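Thanks for coming. I have one structure to go through today, and I will keep to the computed values.

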Amino acid sequence: MRTVEVTTPSGQRWGVRVVWEPRWRVMARRFGGWRAKRRHDDVGPGDVLSGGADVSSNVGSSGGSGSSGISDELAVIAVVLFALVAVGVVFWWVLLPLLLIILDGLIVLALLLVSVVARVLFRRPWMVRATSGRGEVTEVEVVGWRAALRRRDEIAESLRTGLKPAPHSVIV
């Protein structure tokens, strides 16, 4: 949301904005274990790669008098296997991640749309927050988006004239 920057007559800078945040305190109390606790004996992402593998191959020619027809067939089979592996690698490392990113984006958009509609239908208040440069915070809950924007402008104007907004009030 757009922050309105205001300077009071005493020279203190304030930022006033409409905030939409979930109720983390309530959610953390209700679902207290939603964050995984990390222990020191956990395996990190670099630990898996530290073992490494020593792979070597001994490729040579047998020097036999084999038929050229068999070697041609083996070459075709090798090319087909290589193409299948290449297609699998491209799908696994390029196409599948792109499809998952697109799917994640669609899910986020759907959740955003549902949450905005739910916020409007259930008349959840918007938070208008004024924050000073020194860390002072004043919050006002306002029901309705347009009312919240009007209240943001009113708080900015009152700060501009030198008045302090009333903290933690609810306007319906």
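I start with a term. A residue is called buried under 20% relative accessible area, exposed over 50%, and partly exposed in between. Arg160 has a relative accessible area of 40%, so Arg160 counts as partly exposed. Bear in mind that this is a predicted model.

Now the layout. The protein chain has 3 helices and 5 strands. Read from the N terminus, the order is β-β-α-α-β-β-α-β. Of the 172 residues, 18% are buried. Taking contacts between residues at least 6 apart in sequence, 59% join residues at least 24 apart. The accessible surface is about 13,900 Å², and carbon and sulfur atoms account for 64% of that.

Take Ala148: leaving aside residues up to four places away in sequence, Ala148 touches Val18, Trp126, Val128 and Val142.

What about a charged residue in a strand? Arg129 sits in β3. Its relative accessibility is 14%, which means Arg129 counts as buried. The side chain of Arg129 makes a polar contact of 2.8 Å with the side chain of Glu139.

How many salt bridges does the count come to? It comes to 6. One of them joins the side chains of Lys164 and Glu136, at 3.0 Å from N to O. These two are 28 residues apart, with Lys164 in the loop between α3 and β5 and Glu136 in the loop between β3 and β4. Lys164 is exposed at 56%, while Glu136 is partly exposed at 29%.

Back to Arg160. Glu157 forms a salt bridge with Arg160, with the closest N and O atoms 2.8 Å apart. The two are 3 residues apart in helix α3, so about one helical turn separates them. Glu157 is also partly exposed, with a relative accessible area of 40%. Another salt bridge joins Asp153 and Arg152, at 3.3 Å between the closest N and O atoms. Here Arg152 is buried at 8%, and Asp153 is partly exposed at 38%.

Last, the surface. A nonpolar patch with about 1,100 Å² of accessible area together includes Val85, Val89, Phe91, Trp92, Trp93 and Ile101. Val89 lies in helix α2, residues 68-121, and is partly exposed at 42% relative accessibility.

Methods:
Residues numbered from 1 in each chain as written. Predicted model: local features only at pLDDT ≥ 70, side-chain atom pairs only at ≥ 80, totals over all residues. Heavy atoms only, no water. Contact = heavy atoms within 4.5 Å. Helix = DSSP H or I, 4+ residues; strand = E, 2+ residues; numbered from the N terminus. Buried < 20%, exposed > 50% of the residue type's maximum accessible area, 1.4 Å probe, protein only. Areas by Shrake-Rupley, 256 points an atom, 1.4 Å probe, with all protein chains shown as cover. Patch = residues over 30% accessible without salt bridge, like charges linked within 9 Å, V, L, I, M, F, W, Y side chains within 5 Å. Salt bridge = Lys/Arg side-chain N within 4 Å of Asp/Glu carboxyl O. Polar contact = N/O pair within 3.5 Å; in protein donor to acceptor, adjacent residues only side chain to side chain.
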